[in-house]
Amino acid sequence: MTDARLDVAETLKILPSWRAFDGDRPAIVRTLKFADFNAAFGFMTRVALMADKMDHHPEWSNVYDRVEVLLTTHDADGVTDKDVALAHFIDAVAADMGVKS
């Protein structure tokens, strides 16, 4: 994995559940809705363990059954392969948990 910046629009073509961050920097965002707080927290725990192994941590927030995840690589000031890899992992965990959003 490299820290080379990727084009956000091109990246989103391979990550259909994600959208471009509508903010002041290049990033991708996904909002996930779970059955309840317990499921949302379980998801965050699984992702946190992988993010720590990758040494690449998401910016996220949780309100009851919803988790919003923002991915960007601060050192590259944009989206990189690290974000794509973590997004794929997040998508896999979400699918495993039956999340459709």
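**Reading aromatic pairs in a predicted chain**

Mentor: Buried residues (under 20% relative accessible area, with a 1.4 Å probe and protein chains only) make up 39% of the 101 residues in the chain. This is a predicted model, in which local features need pLDDT of at least 70 and side-chain atom pairs count only at pLDDT 80 or more, while totals for chains, interfaces and linings use all residues. Residues are numbered from 1 along each chain as its sequence is written, and side-chain values use heavy atoms, with hydrogens and water left out.

Trainee: Which elements does the chain run through from the N terminus on?

Mentor: The order is α-β-β-α-β-β-α, which comes to three helices and four strands, where helices (H or I, at least four residues) and strands (E, at least two) are DSSP runs numbered from the N terminus.

Trainee: What radius of gyration does the chain have, beside that of a compact globule?

Mentor: The chain has 13 Å, which agrees with the value near 13 Å for a compact globule of 101 residues; the radius is taken over C-alpha atoms, and the globule rule is 2.2 Å times the number of residues to the power 0.38. Along its principal axes, the C-alpha trace spans about 35 × 25 × 20 Å.

Trainee: How many aromatic pairs does a search of the whole structure find?

Mentor: A pair of aromatic rings is described by the distance of the centres and the angle of the planes. Rings of Phe, Tyr and Trp (its six-membered ring) pair if their centres lie within 6.5 Å, and planes under 30 degrees apart count as stacked, over 60 as edge-to-face and the rest as tilted. The search finds two such pairs. In one of them, phenylalanine 34 and phenylalanine 43 have ring centres 5.0 Å apart and planes at 40°, so the pair is tilted. Phenylalanine 34 counts as buried at 6% relative accessibility, and phenylalanine 43 counts as buried at 0%.

Trainee: What distance and angle separate the rings of phenylalanine 37 and phenylalanine 41?

Mentor: Their centres are 5.9 Å apart and their planes stand at 35°, so this pair is tilted. Both residues lie in helix α2 (residues 37-54), four residues apart, which is about one turn of the helix.

Note on methods:
Buried < 20%, exposed > 50% of the residue type's maximum accessible area, 1.4 Å probe, protein only.
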